[in-house]
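Keep the picture open beside you and try each task before reading its solution.

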Amino acid sequence: MINVLIVDDDFMVAKVHAGFIQRTPGFAVVGVAHTGAQAVIEAGRLQPDLVLLDIHLPDINGLDLMHKLRAVAPELDVLVISAAREVETVRKALRGGIVHYLIKPFSQTDLQERLEHYRSAYQGLDSAKDVAEQSDVNRVFGLDRTDRPLPKGCSIETLKLVEAALNDADGDLSAAEVAVELGTSRVSARRYLEYLHDEGVLEVRLKYGAGRPERRYVLKA
């Protein structure tokens with residue numbers, strides 16, 4: 001179970017956020033604080049895994065509060081939830097080592113998506129193994145292909161079919177060959193292939209002949 005401390009000066013907003021968290025499997029709200037001073041006390045007492053931190057607090061800026069919270073709870077992770085949209089504020093938060101920055105107002109789905117990513121990425125990295133692979137690090141930094149948005153008009157189901165076609169192929173394939181295999185247009189097939197290439201899954205081989213060289217794709221070993 002991931003224990004969460006909510007820090008927000010608005011009592012009703014904090015209550016709403018608590019409801020969102022309690023409806024997210026694997027998370028539990030262990031405390032709520034409405035000022036920076038109260039947050040430091042609760043963080044030291046409860047030793048939560050994660051704090052949902054508002055920036056606009058009555059006695060201190062939330063970004064300045066992060067250092068105080070980590071002084072009493074060194075293993076604490078921070079997810080900022082704030083109406084502050086200034087670019088410099090976001091930059092400062094990122095430099096402070098937050099796991100995410102969620103701008104108010106947001107929906108339950110918005111928050112749950114961030115929490116679920118935190119659980120699978122950060123918590124998984126802590127317990128999975130002694131040595132991290134690049135894929136583990138990519139997941140933490142949001143570079144896992146299953147978490148990243150696909151190009152407009154693409155679906156995860158078709159993406160898997162494209163990967164399966166390449167996996168079953170004896171060698172490299174062109175976009176036209178993949179299109180025939182899947183019954184899609186060449187333009188659509190190429191969009192998926194280029195996406196996989198950008199993600200580092202495929203390598204491109206150029207076949208030279210008359211006219212422009214043909215791009216052919218093969219799964220990386």
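**Exercise 1: The antiparallel sheet**

Ser 174 has Arg 216, in strand 8, as its bridge partner. Before going on, note that this is a predicted model, in which local features need pLDDT of at least 70 and side-chain atom pairs count only at pLDDT 80 or more, while totals for chains, interfaces and linings use all residues. Residues are numbered from 1 along each chain as its sequence is written, and side-chain values use heavy atoms, with hydrogens and water left out.

Solution. 
- Step 1. Strand 6 and strand 8 (residues 214-219) pair in the antiparallel sense over 2 bridges. Strands here are DSSP runs of E with at least two residues, and helices are runs of H or I with at least four, both numbered from the N terminus. Two strands count as paired if DSSP finds at least two bridges between them.
- Step 2. Touching is judged by contact, meaning heavy atoms within 4.5 Å.

**Exercise 2: The parallel sheet**

Solution. 
- Step 1. Strand 3 (residues 50-53) pairs in the parallel sense with strand 1 (residues 2-7) over 4 bridges. Here Val 7 has Leu 53 as its bridge partner.
- Step 2. Strand 3 also pairs in the parallel sense with strand 4 (residues 77-82), over 4 bridges. Val 51 stands opposite Val 78 of strand 4.
- Step 3. Buried means under 20% relative accessible area, exposed means over 50%, and partly exposed lies in between (1.4 Å probe, protein chains only).

**Exercise 3: Two helix pairs**

Task: describe how helix 2 packs with helix 3, and how helix 8 crosses helix 9.

Solution. 
- Step 1. Two packed helices are described by the angle between their axes and the distance between the axes. The axes are lines fitted to C-alpha atoms over the stretch in contact, with angles from 0 to 180 degrees between N-to-C directions.
- Step 2. Helix 2 (residues 36-46) and helix 3 (residues 62-72) pack at about 25°, their axes 8 Å apart. They are therefore roughly parallel, a label for angles under 35 degrees; over 145 is roughly antiparallel, 65 to 115 roughly perpendicular, and the rest oblique.
- Step 3. Residues making this contact include Ala 39 and Val 40 of helix 2, and Leu 65 and Leu 69 of helix 3.
- Step 4. The axes of helix 8 (residues 175-182) and helix 9 (residues 186-198) come within 8 Å and cross at roughly 110°. That makes helix 8 roughly perpendicular to helix 9. Among the residues in contact are Ala 175 and Val 178 of helix 8, and Ala 189 and Leu 193 of helix 9.

**Exercise 4: Two residues**

Task: are Thr 89 and Arg 191 buried or partly exposed?

Solution. 
- Step 1. Thr 89 lies in helix 4 (residues 87-95). With a relative accessible area of 18%, Thr 89 is buried. Leaving aside neighbours within four places in sequence, Thr 89 contacts Ile 55, Leu 63, Ala 84 and Tyr 101.
- Step 2. Arg 191 belongs to helix 9. Its relative accessible area is 35%, so Arg 191 is partly exposed.
- Step 3. Arg 191 and Cys 154 are 37 residues apart in sequence, and 8.3 Å apart in space from C-alpha to C-alpha.
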